[in-house]
Amino acid sequence: MATINSPLSGDAKTTTGTCLQGALVDLIDLSLVAKQMHWNVIGPNFRSVHLQLDEVVTLARRHTDILAERMSALGMNADGRSATVSKSSQLAQPESGWLESGKVVSAMTDVLGGIGRRMRERIDLTEESDPSTQDLLIAVNQDIEKQHWMFQAMS
């Protein structure tokens, strides 16, 4: 069986792996939460919120794959299993049933704000451990903060 050797070692590998895994969980659950809201949003701003949620899902899925592949390139295993995401996620979950568009906007603003804060922490932590990973996290955060702004502007 082939093995993937990491260019990182010791604390750098641990720090980078922890940051990537945390970001992966955030993004996987973001795609699930946003899609759940997308399917169930109702109200006066239905169409704009419905479409904006799909943009969030698309960016989360795109970045999820990039980060998981970065983990593989560094000799780490990405864990995107539903049990891992469920156990590790820090995202507030939407209620079941129909969701009024104003509540969806408020909830997504909070979710994206939390992810943005955690991404900034991960960016700081990877500055020395792996600048290439830091670059990827910066790209993720740029998209997260853009969506955060857009949802804030809807409220």
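This is a predicted model: local features need pLDDT of at least 70, side-chain atom pairs count only at pLDDT 80 or more; totals for chains, interfaces and linings use all residues.

Numbering starts from 1 along each chain as its sequence is written, and side-chain values use heavy atoms, with hydrogens and water left out.

**Whole chain**

Switch to cartoon and you'll find 5 helices and 2 strands, in the order α-β-α-α-β-α-α from the N terminus on. (Helices are DSSP runs of H or I with at least four residues, strands are runs of E with at least two, and both are numbered from the N terminus.) Along the principal axes, the C-alpha atoms fill a box of roughly 55 × 30 × 20 Å.

Now colour by burial. Buried residues account for 45% of the 155, where buried means under 20% relative accessible area, exposed over 50%, and partly exposed in between (1.4 Å probe, protein chains only). With a surface on, the chain exposes about 8400 Å², and carbon and sulfur atoms supply 51% of that; these areas come from the Shrake-Rupley method with a 1.4 Å probe, and for residues only the protein chains shown count as cover.

Contacts here are heavy atoms within 4.5 Å. Of those between residues at least 6 apart in sequence, 84% join residues at least 24 apart.

**Salt bridges**

How many salt bridges does a search of the whole structure find? There are 7, each a side-chain nitrogen of Lys or Arg within 4 Å of a carboxyl oxygen of Asp or Glu.

Select Arg62 and Asp143: their closest N and O atoms are 2.8 Å apart. This pair joins distant parts of the chain, with Arg62 in helix 2 (residues 46-73) and Asp143 in helix 5 (residues 131-154), 81 residues apart. Arg62 is partly exposed at 41% relative accessible area, and Asp143 is partly exposed too, at 21%.

Next, pick Asp130 and Arg70, which meet in a salt bridge at 2.7 Å, N to O. Asp130 lies in the loop between helix 4 (101-129) and helix 5 while Arg70 is in helix 2, so the pair ties together parts 60 residues apart in sequence. Buried or exposed? Both Asp130 and Arg70 are buried.

Move on to Arg81 and Asp79, a salt bridge with its closest N and O atoms 2.8 Å apart. Arg81 is exposed at 56%, whereas Asp79 is buried at 19%. Then select Asp26, Arg118 and Arg122 together to see a network of salt bridges.

Click Pro131, which lies in helix 5 and is partly exposed at 44%. Draw a distance from its C-alpha atom to that of Gln36, 95 residues away along the chain, and you get 34 Å.

Last one: Asn141, also placed in helix 5. Asn141 is buried, with a relative accessible area of 3%.
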